[in-house]
Amino acid sequence: MQEQPEPAFAPGLTAQVELTVTDADTAQAVGSGDVPVLGTPRVLALAEAATVAATAVGMPSGSTTVGTRVELEHLAPTVVGRTVRAQALLATVDGRRLSFEVTVSDGDQTVARGRVDRILVDRQRFVERAGRAS
């Protein structure tokens, strides 16, 4: 009988990242609106960065994760100069599929919440296959 390798990640894994909002992070700057507040694409990028940070320490050699699905509610505006914190919690693991619950907050206020799904892939094969597709 062949032994199965231990899973690389287990539910409960967490990480957080922070961003102090600058003019370059606003909806005006990223093209997602015309107001000088934190743009939704930057909120999403911050949430994804938290999921990447959560997997960074235990990542198997030669592997990486790539995003496959996102659900995000952007609930409140954040002005330039404020610091927001994104937290990712690995909620479920299904084979190579990792599902994270994410929240972005500005102090006690929830700015955004949602889910980010990522899949564990072989980095080299993924890049090679992407190159053939173009």
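Reader: Which residue does the UniProt annotation "binding site" (unreviewed entry) cover?

Author: This is a predicted model, in which local features need pLDDT of at least 70, side-chain atom pairs count only at pLDDT 80 or more, and totals for chains, interfaces and linings use all residues. Residues are numbered from 1 along each chain as its sequence is written, and side-chain values use heavy atoms, with hydrogens and water left out. UniProt positions are given in the numbering used here, with shortened feature names, and annotations may be inferred rather than shown by experiment. According to the unreviewed UniProt entry, "binding site" covers Gly67.

Reader: Is Gly67 buried or exposed, or does it fall in between?

Author: Gly67 belongs to strand β2, residues 63–74; helices (H or I, at least four residues) and strands (E, at least two) are DSSP runs, numbered from the N terminus. Buried means under 20% relative accessible area, exposed over 50%, and partly exposed in between, with a 1.4 Å probe and protein chains only. Because its relative accessibility is 44%, Gly67 counts as partly exposed.

Reader: Which residues does Gly67 contact, leaving aside its neighbours within four places in sequence?

Author: Contact means heavy atoms within 4.5 Å. With neighbours within four places in sequence left aside, Gly67 is in contact with Glu48, Asp117 and Arg118.

Reader: Which side chain meets that of Arg118 in a salt bridge?

Author: Arg118 lies in strand β5 and, at 6% relative accessibility, counts as buried. Beyond four places in sequence, Arg118 touches residues including Thr51, Thr65, Gly67, Arg97 and Phe100. A salt bridge is a side-chain nitrogen of Lys or Arg within 4 Å of a carboxyl oxygen of Asp or Glu. At 3.4 Å, N to O, the salt-bridge partner of Arg118 is Glu48.

Reader: How many residues apart are Arg118 and Glu48?

Author: The side chains of Arg118 and Glu48 meet in a salt bridge. This pair links distant parts of the chain, with Arg118 in strand β5 and Glu48 in helix α2, and the separation is 70 residues.

Reader: How many salt bridges does the structure hold?

Author: Side chains of opposite charge can pair when their charged atoms come close. One of the salt bridges joins Asp25 and Arg42, with the closest N and O atoms 2.8 Å apart. Another joins Asp106 and Arg82 at 2.5 Å, N to O. The number of salt bridges in the structure is seven.

Reader: For the salt bridge of Asp106 and Arg82, where does Arg82 lie?

Author: Asp106 counts as buried at 9% relative accessibility, whereas Arg82 is partly exposed at 42%. The side chains of these two residues meet in a salt bridge. The pair links distant parts of the chain, 24 residues apart, with Asp106 in strand β4 and Arg82 in the loop between β2 and β3.

Reader: What covers the buried residues of α2?

Author: The buried residues of α2 are Val43, Leu46, Ala47, Ala50, Thr51, Ala54 and Thr55. Thr55, at 1% relative accessibility, touches Phe9, Leu13, Thr65, Leu98 and Phe100, not counting residues up to four places away in sequence. The cover over the buried residues of α2 includes β1, β2, β3, β4 and β5.

Reader: How far apart in space are Gly58 and Phe9, C-alpha to C-alpha?

Author: Gly58 is placed in the loop between α2 and β2 and is partly exposed, with a relative accessible area of 37%. Leaving out residues up to four places away in sequence, Gly58 touches Ala8 and Phe9. Gly58 and Phe9 are 49 residues apart in sequence, and their C-alpha separation in space is 7.0 Å.
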